[in-house]
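Let me put the structure up before I write anything down.

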Amino acid sequence: QVQLVESGGGLVQAGGSLTLSCAASGRASSMYNMGWFRQAPGKEREFVAVITRSGASTIYADSVKGRFTISRDNAKNTVYLQMNSLKPEDTAEYYCAADERRLVPRDFWGQGTQVTVSS
């Protein structure tokens with residue numbers, strides 16, 4: 001199994017940037033497809049981005065395409081989400097996820113980190 005811990009959330013003004021980190025422990029993160037999801041109050045959790053084991057491929061939700069970048073450093077067992085041009089509608093709890101089998105990960109989850117974008 002793998003344990004995931006997110007960090008880097010906070011309060012930022014609209015148009016600003018934040019970088020989230022997800023540190024994996026227990027097993028090498030290189031064994032997993034890794035992704036980010038988010039959940040706003042009163043809404044369902046939604047997919048944000050995924051990166052494959054080697055980092056060769058990425059997929060983004062349409063709502064963040066061109067603004068967010070997912071990356072990984074397998075030597076550090078860490079996945080990142082660089083968020084630029086943030087909008088108030090990006091406000092949510094952001095979760096890291098990992099999966100050995102599925103492209104869109106769902107097996108293991110972190111505890112979340114809050115991102116709040118003020119207008």
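What follows are my notes on the disulfide, the ring pairs and the charge over the rings.

Ground rules. I'm working with a predicted model, where local features need pLDDT of at least 70, side-chain atom pairs count only at pLDDT 80 or more, and totals for chains, interfaces and linings use all residues. Residues are numbered from 1 along each chain as its sequence is written, and side-chain values use heavy atoms, with hydrogens and water left out.

Entry one, disulfide. I searched the whole structure and got 1 disulfide (a pair of cysteine sulfur atoms within 2.5 Å). Cys22 is joined to Cys96, with S to S at 2.1 Å. I placed Cys22 in strand β3 (residues 18-25) and Cys96 in strand β9 (residues 92-99), 74 residues apart; strands here are DSSP runs of E, at least two residues, numbered from the N terminus. The S-S torsion is about -80°, so I noted a left-handed disulfide.
Cys22 is buried at 0% relative accessible area, and Cys96 is buried at 0% too (buried is under 20%, exposed over 50%, partly exposed in between; 1.4 Å probe, protein chains only).

Entry two, rings. My search of the whole structure gave 3 aromatic pairs (Phe, Tyr or Trp rings, using the six-membered ring of Trp, with centres within 6.5 Å; planes under 30 degrees apart are stacked, over 60 edge-to-face, the rest tilted). Phe37 and Phe47 pair edge-to-face, 5.8 Å centre to centre with 75° between the planes. Phe37 is buried at 2%, while Phe47 is partly exposed at 22%. Ring pairs link Phe37, Phe47 and Trp109 into a cluster.

Entry three, charge. Arg45 lies over the face of Tyr95, 3.8 Å from the ring centre (for Arg, CZ within 6 Å of the centre and within 35 degrees of the ring normal). I also found the charged end of Arg45 over the ring of Trp109, 4.6 Å from its centre.

Methods
Helices (H or I, at least four residues) and strands (E, at least two) are DSSP runs, numbered from the N terminus.
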